[in-house]
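Let's take a friendly walk through a protein model. Keep the picture in view as you read.

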Amino acid sequence: MGVEGIGAKVLRKEDRRFITGRGRYVDDMSVPGMAYAVFVRSPHAHAKIGGVDTGAAKSMPGVVGVLTGEDLRGDGIGNLICGWMVHSKDGSPMKMGAWPALAADVVRHVGQAVAVVVARSRDEARDAAEAVAVTYEELPAVIEAAKALEPGAPQLHPEAPGNLIFDWELGDKAKTDAAFAGAAHVTKLHIVNNRLVPNPLEPRAALGQYDAADDHYTLWTTSQNPHVARLVMSAFYNVAPEHKLRVIAPDVGGGFGSKIYIYPEEIVCLWASRRTGVPVKWTSDRTEAFLTDAHGRDHVTEVELALDAEHKILGLKVDTIANLGAYMSLFSSSVPTYLYATLLSGQYDIPAIHANVRTVYTNTVPVDAYRGAGRPEATYVLERTMETAARELGVSPAELRRKNFIRSFPYQTQVIMTYDAGDFDASLNAAMAAADVAGFEARRTEAAAKGKLRGLGMSCYIEACGIAPSKAVGSLGAGVGLWESAEVRVNPVGTVEILTGSHSHGQGHETTFAQLIAERFGLPVDNVQVIHGDTDKVQFGMGTYGSRSGAVGMSAIVKALDKVEAKAKKIAAHLLEADEGDIEISGGEVRIAGTDRKLGWHEVCLAAYTGHNLPDGMEPGLKEGAFYDPQNFTFPAGCYICEVEVDPETGKTEVLQFVAADDFGRVINPMIVEGQVHGGIAQGIGQALLEGVSYDEAGQLVTASFMDYTMPRAYDLPNFVVSTTETRTPSNPLGMKGCGEAGAIGSPPAVINAITDAIGTNDLTMPATPQKVWAALKTVG
Amino acid sequence: MYETTYHRASSVADAVRIAGESGGEGKFLSGGMTLLPTMKQRLAAPSDLIDLRHVPEMKGIAVDARRVCIGGGMTHGEIAESADIRAVAPGFAELAGLIGDPAVRHMGTIGGSVANNDPAADYPAALLALDGLIHTDRREVPAADFFRGLFETALEEGEIVTAVSFEAPDASAYEKFRNPASRYAMCGAYVARRGTDVRVGVTGAGADGVFRWSAAEQALTQTFDPAALDRLTVDAGLMLSDLHGSSIYRANLVTVVTKRAVAKVA
């Protein structure tokens with residue numbers, strides 16, 4: 001590797017502007033004549049709209065326009081859709097209720113937008129929004145998914161009787177039942193995966209501009225996938241035709257999934273710009289973020305694990321109810337199905353699996369993918385169950401796992417996935433050594449002498465990244481392909497621009513993608529510019545989520561680089577009068593291998609553009625594009641071990657040590673990978689100990705601010721001990737698997753397994769707040 | 001935020017005059033740590049904001065022998081770092097240093113906190129336990145009479161907390177258990193001992209706000225040792241209950257944090 005090539009800890013090029021306050025976010029954008037949008041939102045969880053009186057608001061100072069759901073309907077703006085079709089086990093399609101960007105008839109969650117006020121200043125817009133008089137006829141609300149399925153529950157959508165969206169299954173039920181019939185031991189658990197609010201640092205924002213002169217639209221938006229936004233806006237929402245719409249996602253301050261989806265506010269800003277004739281900007285405040293950003297998780301599961309007398313797993317049964325909230329968000333259907341049940345085999349050879357998933361409407365904020373998306377839920381179910389089984393059987397949790405590890409690859413699970421590579425013993429061994437598991441009992445005794453309860457918990461996760469191939473996801477109901485595109489433009493002076501369909505909102509692409517060039521040609525990363533997030537610059541792309549930018553996005557770049565390299569070699573061979581097979585490129589030089597005959601990289605690039613002396617028939621220029629469609633998912637895996645101390649008097653848990661041993665395949669920038677793991681673990685510990693959405697019976701969001709919703713803070717976390725093991729995936733040219741979500745996927749069960757080990761009862765739900773742990777301890781006596 | 005008129009008061013008398021002219025719709029602004037966020041959320045709409053942060057009479061800390069007098073305009077940070085207070089009442093300085101975060105301690109003031117009487121504020125517990133006095137522009141009110149429930153005080157319309165004072169105890173300490181989200185006190189106990197006489201002020205837990213835990217005071221007056229509280233609990237029925245802590249949990253915390261406060265100075 002070169003000093004800045006693959007495997008180098010190159011400092012992030014983008015950090016200078018971020019840490020000096022020079023990032024340019026949507027709210028920093030300003031265009032002449034711009035006005036501000038403020039939304040009128042439902043205060044009720046469920047109500048019929050009697051009428052919307054905008055008269056008073058329209059005459060308020062500074063008001064440019066007040067628009068309602070009726071106006072939106074009148075203009076033919078389409079309803080929001082879920083882009084992944086899932087069928088129930090009886091073959092019927094999922095039951096999608098209508099979701100207009102501004103409600104005209106019924107509101108189904110607190111915070112749903114009913115009208116928008118556009119005014120010259122934000123304060124004037126807020127004043128006028130308060131003057132919009134909406135009459136509501138309140139309806140009964142239902143918040144919990146299981147209750148929404150009960151007979152007599154309030155009904156949300158006429159399209160979905162009984163609030164059931166679909167009743168789906170995966171695996172072989174008969175085979176699994178048969179496996180359980182022969183079990184020596186069955187472990188059963190009731191598992192709740194708590195609902196979370198993503199809370200990226202930057203709230204969502206949108207600036208829509210309609211240019212009447214060109215009949216052209218521009219949308220600046222906080223998006224993880226601007227091309228998908230453009231496609232959906234034009235193909236489904238009729239806001240603007242695709243060729244007349246430019247979507248720009250500039251610097252974006254974190255997404256965690258919540259900025260994948262196309263929300264009502266973006267649609268309305270574009271539409272309102274055309275209606276009012278002025279550019280319209282909206283920036284979410286934090287309360288709106290709590291009330292409208294797609295929430296994550298919210299599963300309730302009954303799980304059963306069957307083992308034989310030798311502690312080999314015979315089968316797994318999972319029955320899950322997933323709360324999707326009031327409407328089906330863009331990828332909501334895929335999260336509790338193809339991103340969840342397909343991972344239920346974990347790292348284990350499980351000969352029979354059956355999973356049943358029912359998804360349900362409730363009067364809550366829509367739920368969609370949030371860092372990990374389905375895989376944290378699967379990992380939590382399986383790893384809580386494995387740890388519990390080990391305790392019930394009186395064997396070490398590590399040994400039970402070891403006994404059941406998959407060791408031969410490729411391995412076909414009972415739930416669709418074919419694992420291509422892995423070494424689960426390696427990560428388990430590395431984590432156990434780093435965590436000094438052998439010395440734990442001594443530490444537990446020492447803690448007990450101080451009146452503290454120590455516990456150790458483990459989690460062996462596997463997840464799937466780079467959702468693909470497109471043909472496969474298409475057959476499973478995806479409305480889009482999940483490939484990626486890239487273009488590599490070499491300038492006449494030899495500097496390089498990478499145009500990518502991936503989108504960076506914290507991942508460090510400007511650095512890691514440039515490292516590919518450093519590796520390939522020996523150029524400094526400063527000579528490389530990574531361009532992303534603008535549909536006018538990058539032809540198409542699927543964006544960034546599901547830890548796909550490395551495995552899929554970088555693979556597309558590699559494919560384009562192969563073409564650039566081949567052409568550069570042809571040119572050099574021609575100039576040096578050598579065979580192109582003898583040409584090598586390194587250290588910024590193009591040489592005949594084994595000789596001192598060489599050209600500077602820039603000389604070859606200039607030759608490509610002057611066209612003075614190119615091989616016969618060759619087109620000038622040095623620019624290549626590629627579309628890359630993966631052959632398979634990639635499967636990052638690892639072992640996490642958490643050690644906690646519980647104060648029995650207050651129930652407060654302190655995480656004393658957290659060890660992560662991850663196998664991400666080939667690592668491009670170890671520093672950035674470490675950062676991803678740190679952030680993921682922080683979010684996972686947040687879910688396990690601190691974060692959790694709470695609604696009251698009427699459907700009011702109780703945890704609607706940081707005063708009540710607990711985000712992890714630095715002092716809630718120990719110094720993480722992280723390391724990587726490496727098995728390269730054969731499924732992409734770089735052998736890399738993805739690291740963006742692993743921390744959040746693998747850590748919650750490790751934390752809860754540690755606490756339950758400390759307190760001696762399994763009866764504990766996330767977040768394990770001091771109050772809950774204290775109450776659980778009371779039941780142990 | 002709704003439109004409001006900002007005034008910078010130059011003296012206590014000036015502030016009282018402006019408040020009178022605002023017709024009862026004005027509000028005094030000190031550190032603004034509660035008022036400004038409330039206004040930003042449009043949950044408060046004072047016609048006038050009368051800024052007390054530049055009133056010289058409300059500045060300063062005076063320690064005369066063991067009498068401590070703190071200007072209402074002093075910030076938590078200034079109190080936490082005051083060598084004079086640390087010398088005679090380190091427990092009180094420690095409490096100030098545990099309020100909020102550095103930004104809050106830099107802006108928030110003791111006068112503002114006392115006048116607001118948030119049920120989870122820290123100072124009220126200490127002032128009750130210390131038998132403190134609340135000085136206003138027109139009178140002095142003993143802490144026991146001043147704090148009157150959730151966000152309620154003895155303050156009259158337009159009355160300003162100009163200072164607080166107390167006699168430094170022989171020993172005092174504060175212990176709090178924080179609300180995980182807001183970091184306010186879910187339960188905080190201030191224990192003050194003068195000779196054998198012990199007072200305990202408890203904040204964050206009581207359904208009616210800050211209170212003195214007299215049973216604990218009696219037990220500690222007999223034996224100033226955490227073990228004296230081993231079998232004592234407050235009535236859970238009188239405790240606050242919310243998302244973060246049920247009344248039963250808070251009742252448990254009262255005993256735990258009081259014992260831990262005692263342990264610091266026993």
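## Domains of chain A

Which domains does the domain assignment of chain A give? Domain 1 covers 15-20 + 483-628, domain 2 covers 31-139 + 201-254 + 259-292, and domain 3 covers 299-467 + 632-780. Keep in mind that this is a predicted model.

## Where domains 2 and 3 touch

Now look at domain 2 of chain A and domain 3 of chain A, whose C-alpha centres are 36 Å apart. In their contact, 23 residues come from domain 2 of chain A and 24 residues from domain 3 of chain A. On the side of domain 2 of chain A that touches domain 3 of chain A, you will find 14 nonpolar, seven polar and two charged residues.

## A hairpin to zoom in on

Next, find strand 22 of chain A, residues 583-586.

Across the pair, A:I583 stands opposite A:I592 of strand 23 of chain A. The hairpin of these strands has two residues between them, and A:G587 takes a positive phi near 55 degrees there.

## Meeting chain B

How many residues of chain A are in contact with chain B? There are 13, and they touch 12 residues of chain B. The chain A side of this contact divides into six nonpolar, five polar and two charged residues.

Technical notes
Residues are numbered from 1 along each chain as its sequence is written. Chains are lettered from A and ligands numbered from 1 in the order in which they are written. This is a predicted model: local features need pLDDT of at least 70, side-chain atom pairs count only at pLDDT 80 or more; totals for chains, interfaces and linings use all residues. Domain bounds come from an automatic or database domain assignment. Two residues are in contact if their C-beta atoms, placed from the backbone, lie within 7 Å. Ala, Val, Leu, Ile, Met, Phe, Trp, Tyr, Cys and Pro count as nonpolar, Asp, Glu, Lys and Arg as charged, and the others, Gly among them, as polar. A residue is buried if 20 or more other C-beta atoms lie within 10 Å of its own, exposed if 12 or fewer, and partly exposed in between; C-beta atoms are placed from the backbone. Helices (H or I, at least four residues) and strands (E, at least two) are DSSP runs, numbered from the N terminus. Two strands pair if DSSP finds at least two bridges between them.
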